[in-house]
2 protein chains.
Amino acid sequence: MSKDPRGNRHAHLNRDSIARAALAVVDRDGSEALSLRKVAAELGVGTMTLYHYVPSREALVADIVALLVVEMDLTISSGLSWRDGAKQVGRSLRAMALRHPRAFALVAAAASDKPPLLDFARRLRDFYVALGAPIEAFVEVWSVLDAFETGFLLLETQAVMRRSTAPHDELDQGTSELADRMPATLSEAAYEEGLEIIVGGLERRLL
Amino acid sequence: MSKDPRGNRHAHLNRDSIARAALAVVDRDGSEALSLRKVAAELGVGTMTLYHYVPSREALVADIVALLVVEMDLTISSGLSWRDGAKQVGRSLRAMALRHPRAFALVAAAASDKPPLLDFARRLRDFYVALGAPIEAFVEVWSVLDAFETGFLLLETQAVMRRSTAPHDELDQGTSELADRMPATLSEAAYEEGLEIIVGGLERRLL
DNA sequence: ACCTGAACACCGTTCAAGT
DNA sequence: ACCTGAACACCGTTCAAGT
């Protein structure tokens, strides 16, 4: 290991690069296979070196969630309505989930009152306010819409992961039929349908 | 340990009693604290004894989910409409989630194409069919409604668990305000509102 | 100053041995 | 036949020591 001018043995190592390596591990091996030891090995450093940048495994997971959440598109194109803005966010979340199906469970399980998701919620609130949505309604709108999106994408990413592994053999007929219809249902069309129902309902009721 | 007539040293031990002990551990210590070793200690048996009844930790978690899912109320009172049936199921799921806030994450993360949840999906389909809902629409209705309910209750059970621990001190003002308004929003009223929006929207669109 | 191996207290699970 | 301790291959994390 060569030393950089400041004496760091690993100049490429920092909180961000560690989070990216961790996300790569999750994308490849699944979220339950994430371990500090594996991430350290991936980066070619000793396990304990990571503790100089990240205080705990929990913090590392939060960093991964932060990395995923910045991928979301909250840009405001001119003339964007509140309805279309909400749908744009929903589609952007789905695109992120499908880019990282094995990591999405971490987003769904992340605490909504702490930095990575709470910061995102703030960005989202500013987005809605900029679109002219009444701020009082924000938390209501966000919770109902976000609940649907998280729940749906949790199901859809599960289905995506299943598709790339084994089929259902051992199950009886009636049950299998139901299971086999799920992949088709957990689709872009169903998601758009859900978005339309909820965005339409919220508008009629709150705005 | 005394022996029963059949020679079993632990007559009270079976897959169901193990699942109940495991659920008790999760309700008390949280889902991430679940371990076979702890459940065995709770039951006063050696860790390896559990393997004669449950094949793996994964199966034990599935058994816990099955235990939770049978708590749901799918009884059909006479004259029940499809709309009210859907709401009854939604309220029953919420009641279950609030009875087991620390265990609900296991339900949300459970595979929807395997026995515990798939069996429940079948019961649910029969319930909707009995209420006169068109069977073709079932998977669509179920996925949109279930997505909202799972997502919402994941947020609400998180908030419930937070309430029984520390408050938010270290966060800056604007962010805290947002976080502080969440508990009030993740309430029965918001859940009912979401149910009404979605059930109404689905009826208008599919039925 | 910066990094890290050894060690500790946990896991799930296999296997061979206890009664 | 029924049960289980010891052991293995993993964890996250502490602490004391390496350069």
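**Note on the cavities, domains and chain contact**

1. Start inside the protein. The lining of the largest cavity holds 21 nonpolar, five polar and two charged residues. Here Ala, Val, Leu, Ile, Met, Phe, Trp, Tyr, Cys and Pro count as nonpolar, Asp, Glu, Lys and Arg as charged, and the others, Gly among them, as polar. The model is predicted: local features need pLDDT of at least 70, side-chain atom pairs count only at pLDDT 80 or more, and totals for chains, interfaces and linings use all residues. Residues are numbered from 1 along each chain as its sequence is written, chains are lettered from A and ligands numbered from 1 in the order in which they are written, and side-chain values use heavy atoms, with hydrogens and water left out.

2. How is a cavity found? Rolling a probe the size of a water molecule over the atoms shows where empty space is left. On a 1 Å grid over the protein atoms alone, a cavity is a set of points where a 1.4 Å probe fits but cannot get out, and lining residues have an atom within 4 Å of a point. Points are joined across faces, edges and corners, and the volume is the space filled by probe spheres set on them. The count is five cavities of 30 Å³ or more.

3. The largest cavity has a volume of about 350 Å³. It is lined by 28 residues, and Leu93(B), Phe120(B), Trp142(B), Asp146(B) and Thr150(B) are the closest to its centre. Both chains take part: α7 (138-163) of chain A and α4 (82-99), α5 (104-109), α6 (115-130) and α7 (138-163) of chain B each give two or more residues. The largest share, seven residues, is from α7(B). Helices are DSSP runs (H or I, at least four residues), numbered from the N terminus.

4. The second largest cavity holds about 290 Å³ of space. Among its 23 lining residues, Leu93(A), Leu117(A), Trp142(A), Asp146(A) and Thr150(A) lie nearest the centre. α7(A) gives the most to this lining, with six residues. By class, the lining of the second largest cavity has 17 nonpolar, four polar and two charged residues.

5. Now the two chains. A rotation of 180 degrees, with 0.0 Å of shift along its axis, superposes chain B on chain A (RMSD 0.0 Å). The two copies are therefore related as by a two-fold rotation axis.

6. Chain B and chain A each put 49 residues into the contact, meaning heavy atoms within 4.5 Å. Together they bury about 4100 Å², 65% of it on carbon and sulfur atoms. Buried area is the accessible area (1.4 Å probe) that two parts lose on being put together, summed over both. Asp113(B), Leu178(B) and Ile197(B) supply 15% of the area that chain B buries against chain A, more than any other three residues.

7. Chain A is divided into domain 1 (15-67) and domain 2 (72-206), with bounds from an automatic or database domain assignment. Their centres, taken over C-alpha atoms, are 26 Å apart. About 860 Å² is buried between these domains.

Note on methods
Copies are superposed by least squares on the C-alpha atoms of residues with pLDDT of at least 70 in both. On a 1 Å grid over the protein atoms alone, a cavity is a set of points where a 1.4 Å probe fits but cannot get out, and a pocket is an open set with protein on both sides within 12 Å along at least five of seven lines; lining residues have an atom within 4 Å of a point.
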